[in-house]
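Q: Hi, could you walk me through this model? I'd like to start with how the parts sit together.

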Amino acid sequence: MEGEILRGRVFKYGDSIDTDVIIPARYCTSYHPEELAPHCLEDLDATFAGRVKPGDIIVAGHNFGCGSSRENAPIAIRGAGVSCVIARSFARIFYRNSINIGLPILIAPDAVDGIEDGDEIEVDPTTGTIRNLTRDGSWQAAPFPPEVQEIIQAGGLVGYVRKKLSS
Amino acid sequence: MTLAEKILAIHSGRDSVRPGDMVMARVDMVLGTDVTVPLSVEVFRQMGAGKVFDTEKIALVNDHFVPAKDVKAATLSKIMREFAREQGVEHYFEVGRSGICHSLLPDKGLVRPGELVVGADSHTCTYGALGAFATGIGSTDMACAWALGELWFRVPESLKVVVEGNFQPRVGPKDLILSVINRLGVDGALYQAIEFTGGAISRMRMDGRFTVCNMAIEAGAKTGLIAPDEVTMGYVDQISPPTPPCNNRGGKGGRPPLGPTLLRSGGDLSSDPDAVYSQVLEVDVSDLEPQVAEPYLPSNGRPVCEVEGVRMDQVVIGSCTNGRLDDFRAAADVMGDRPVHPDVRLIIIPATPGIIRAMLEEHLVERFIKAGAVLSPPTCGPCIGGHMGVLAEGEIGLFTTNRNFRGRNGHPDSKVYLSGPEVAAASAVAGRITDPRGF
Ligand code: SF4
């Protein structure tokens with residue numbers, strides 16, 4: 001993941017996109033990306049799963065991922081091919097889960113203002129730089145605290161714990 | 001320091017911590033359920049961890065989709081059951097002896113004041129009612145906690161809610177928390193710890209305190225806490241008779257005495273007078289009206305008079321928010337001898353087998369059944385639209401649960417209103433949303 005520049009089309013949504021619309025509990029008897037992805041965001045935008053292409057990016061308002069602790073939510077998003085989520089703010093368990101499974105998420109309120117649905121954007125998850133390719137604009141996301149960077153650099157929490165257990 | 005800061009400091013071996021600090025802290029209890037455990041088991045293996053850090057500090061609870069609603073759900077429970085056996089996990093709860101995790105763990109004496117508890121379920125914050133720091137995590141985090149016995153935490157700012165006054169009859173803890181969430185908004189306490197204090201909290205029984213702390217997450221909070229007092233200690237003593245001070249884990253079924261780590265280190269379980277809060281919210285409950293949260297957000301709470309008359313198809317009294325004995329007592333008191341409205345399905349879901357036993361003793365089960373309600377086994381069921389009362393297209397529910405997001409309780413076009421047990425009971429009888437006062 002490190003050093004990789006992400007580029008994709010934007011799906012833009014509003015505030016408080018909750019885990020029940022990201023992946024309804026009726027599908028949470030599975031935690032496998034290929035089973036979750038076709039239902040990702042289906043109660044909010046039934047066309048999403050059909051339209052999303054690998055690399056596409058979700059841009060949203062405040063409190064993205066609020067609600068349940070279900071890790072099925074970031075797994076469904078990643079499984080659908082989404083390369084990154086940018087929001088004004090994230091609910092805390094969703095934030096932790098995304099970092100832990102290695103789904104890049106960026107807090108960048110200014111970028112959310114300057115990006116429209118359907119725009120083509122480019123993101124460097126390592127530096128937090130976001131560029132709008134459809135219309136002018138480039139922004140800098142808030143940097144991750146060092147402890148979180150350590151987890152990201154280990155490729156998520158699995159790599160981090162493996163390292164710890166073997167040291 | 002605030003109570004939240006003290007608990008995190010002691011569990012990370014520091015003298016003090018400040019909001020924003022990142023700490024690696026030891027956990028006293030790690031909770032998982034049939035929905036979240038199977039993924040953790042997979043991740044635990046990927047981590048290369050052979051054994052869990054402590055077989056007595058892990059609770060595995062069958063509650064979300066049990067008794068198994070279908071083959072997939074049965075498989076989830078099976079994976080959890082086999083993992084519990086393989087690892088020798090002491091606190092594995094099988095169907096029949098299991099209940100909704102956030103009622104079950106306190107009732108089994110598995111959460112104590114001053115402890116640091118994590119759970120792969122967002123309403124783990126419920127245990128803050130006992131003066132524990134308890135917060136929700138995901139499945140990968142849980143696998144990490146099983147492997148290492150510790151996790152990273154960002155020390156949260158604390159937000160104080162001071163609650164004074166006396167509730168009117170048939171107005172209670174759920175009405176309070178719905179109105180607080182309405183004032184804060186769904187992310188008004190994002191990343192923060194909410195500390196509830198004041199005369200109305202001191203006078204509140206444990207069942208009500210659990211209801212209040214349960215919904216802290218609905219304002220985005222990391223946890224909700226109430227500093228332990230006589231009510232807390234009375235509850236803990238009655239649940240699990242105090243064991244003599246000991247430095248081991250107390251063996252099977254036993255746990256160390258209250259707030260072990262804090263008390264041992266000479267710390268106390270309350271916030272210091274000079275503790276710093278991000279915000280102080282004052283609430284007087286004396287004129288608080290019964291509250292109802294409209295679809296599709298728990299922060300849509302408003303006085304019942306504004307939504308009175310809305311017809312509904314189904315009423316659910318249960319969940320980790322309002323599935324305790326006091327809730328069923330309150331509901332039965334409102335209903336009296338009146339039957340459930342012919343157009344309404346009333347589903348009663350006691351949260352644990354212990355609550356069912358108590359309800360039997362008080363003849364509450366008999367009363368609900370006579371009234372035409374159906375009694376469900378302890379399960380999350382309709383609270384997450386799993387089973388036991390899922391809503392069809394266009395149907396309207398009035399639930400005592402904690403979330404009414406679109407599609408959560410059934411068809412995406414169904415609607416759920418949230419309320420306390422009193423409004424739910426009056427409405428089940430009347431067939432439309434009704435003020436329980438003077439009902
Ligand atoms: S009762 Fe509802 S909110 Fe509580 S743990 Fe179960 S699903 Fe979650």
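**Domains and a strand in chain B**

A: Happy to! This is a predicted model, and in it the C-alpha centres of domain 1 of chain B and domain 2 of chain B lie 24 Å apart.

Q: How many residues does the contact take from each domain of chain B?

A: Domain 1 of chain B gives 38 residues to the contact, and domain 2 of chain B gives 42 residues.

Q: And which residues of domain 1 supply the area buried against domain 2?

A: The two domains of chain B bury about 3300 Å² between them, with 56% of it on carbon and sulfur atoms. B:Ile100, B:Arg170 and B:Lys174 supply 23% of the area that domain 1 of chain B buries against domain 2 of chain B, more than any other three residues.

Q: How many salt bridges are there across that interface?

A: The rule finds three salt bridges across the interface of domain 1 and domain 2 of chain B.

Q: Switching topic: is strand β2 of chain B mostly covered or mostly open?

A: Mostly covered: five of the five residues in β2(B), residues 29-33, are buried. On one side those are B:Met29, B:Leu31 and B:Thr33, and on the other B:Val30 and B:Gly32.

Q: Which strands is β2(B) joined to by bridges?

A: Three bridges join β2(B) to β5(B), residues 116-119, and the two run parallel; B:Met29 has B:Val117 as its bridge partner there. Four bridges join β2(B) to β3(B), residues 58-61, also parallel, with B:Ile58 as the partner of B:Val30.

Technical notes: Residues numbered from 1 in each chain as written. Chains lettered and ligands numbered in written order. Predicted model: local features only at pLDDT ≥ 70, side-chain atom pairs only at ≥ 80, totals over all residues. Heavy atoms only, no water. Buried < 20%, exposed > 50% of the residue type's maximum accessible area, 1.4 Å probe, protein only. Pairing = 2+ DSSP bridges. Domains from an automatic or database assignment. Contact = heavy atoms within 4.5 Å. Buried area = accessible area lost by both parts, 1.4 Å probe. Salt bridge = Lys/Arg side-chain N within 4 Å of Asp/Glu carboxyl O.
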